[in-house]
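Subject: Structure handover and findings

Hello,

The structure I mentioned is below. My notes on what turned up in it follow.

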Amino acid sequence: MSPKNTPKSALRFSLLLLIGLTTVSSVGCAISQNGSAITSEAQIPVENTDSNTAEKYRVEMSGGFSPGEIYEGQIDGPLFVQDALERSGATERYRSMDILIYRIVKDSGKGLKLPVEYESSGKSVTHNQNYALHPNDRIVVTQRSQNLIDKFIDSVNPL
């Protein structure tokens, strides 16, 4: 390469680098049909659903030393979070747990995350958070450790 081409190739490299970085940094933003920007930071990952699974829900359980387990149930009438936990066996499997419901709002298509408190003493979901299940709801259950260190941390920081 001759010395007179060196600044030209450095400029070319810099421009390509700038274009590449601009492209990478713009990933995650899309334009809706009406022209407004849609950001993906608040989106909740959703699996594609078939018409066959329209009236089903899923309970995903993990924690402890056992492998994770997925239970799929049928919505056969009014069904609440407590009912789904009992049917899946989560209330027998875990003494204390953290529960989240992932739901897609039909009108907007956006994801909704609903935290649910579980009272281990009564083996039940708190009454005001015992939500009715909708088709394709995902209930994610993780075991909450109750050793002395965890209890101390929870007492200092209850959130």
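A residue counts as buried when its relative accessible area is under 20%, and as exposed when that area is over 50%, with partly exposed in between. By that rule E60 and R138 are both buried. For E60 the value is 17%, so E60 falls under the cut-off.

Before the details, note that this is a predicted model. The mean pLDDT of the protein is 77, and 65% of the residues reach at least 70. In residues 28–43 the pLDDT is below 50, and beyond near neighbours in sequence this stretch makes 12 contacts in the model.

Overall layout

The protein contains four helices and nine strands. Their order along the sequence is α-β-β-β-β-α-α-β-β-β-β-β-α. Of its 159 residues, 23% are buried. The accessible surface is about 11600 Å², and carbon and sulfur atoms account for 57% of that. Taking contacts between residues at least 6 apart in sequence, 56% join residues at least 24 apart.

Salt bridges

Eight salt bridges were found in a search of the whole structure. One of them joins the side chains of E60 and R138, with an N to O distance of 3.2 Å. This pair connects distant parts of the chain, since E60 is in strand β3 and R138 is in strand β9, 78 residues apart. Strand β3 covers residues 56–63. Neighbours within four places in sequence aside, E60 contacts E69, I70, R138, I139, V140 and V141.

A second salt bridge is formed by D76 and R87, whose closest N and O atoms are 3.4 Å apart. D76 sits in the loop between β4 (66–74) and α2, while R87 is in helix α2, so the bridge ties together parts 11 residues apart in sequence. D76 is exposed, at 55% relative accessible area, and R87 is partly exposed, at 39%.

E92 is exposed, with 64% relative accessibility, and K123 is partly exposed, with 41%.

Other residues

V81 lies in helix α2, which runs over residues 81–88. Its relative accessibility is 0%, so V81 counts as buried. Not counting residues up to four places away in sequence, V81 touches I101, V116, V125, Q129, N130, Y131 and L133. L133 is 52 residues from V81 in sequence, with 6.6 Å between the two C-alpha atoms.

S145 is in the loop between β9 (138–143) and α4. S145 is partly exposed, with a relative accessible area of 36%. Its C-alpha atom is 9.7 Å from that of Y94, which is 51 residues away along the chain.

On the surface, I149, F152, I153 and V156 make up a nonpolar patch, with about 440 Å² of accessible area together. I153, one of these four, is part of helix α4 (residues 148–156). I153 is partly exposed, at 45% relative accessible area.

Regards

Note on methods:
Residues numbered from 1 in each chain as written. Predicted model: local features only at pLDDT ≥ 70, side-chain atom pairs only at ≥ 80, totals over all residues. Heavy atoms only, no water. Patch = residues over 30% accessible without salt bridge, like charges linked within 9 Å, V, L, I, M, F, W, Y side chains within 5 Å. Areas by Shrake-Rupley, 256 points an atom, 1.4 Å probe, with all protein chains shown as cover. Helix = DSSP H or I, 4+ residues; strand = E, 2+ residues; numbered from the N terminus. Buried < 20%, exposed > 50% of the residue type's maximum accessible area, 1.4 Å probe, protein only. Contact = heavy atoms within 4.5 Å. pLDDT = per-residue confidence, 0-100.
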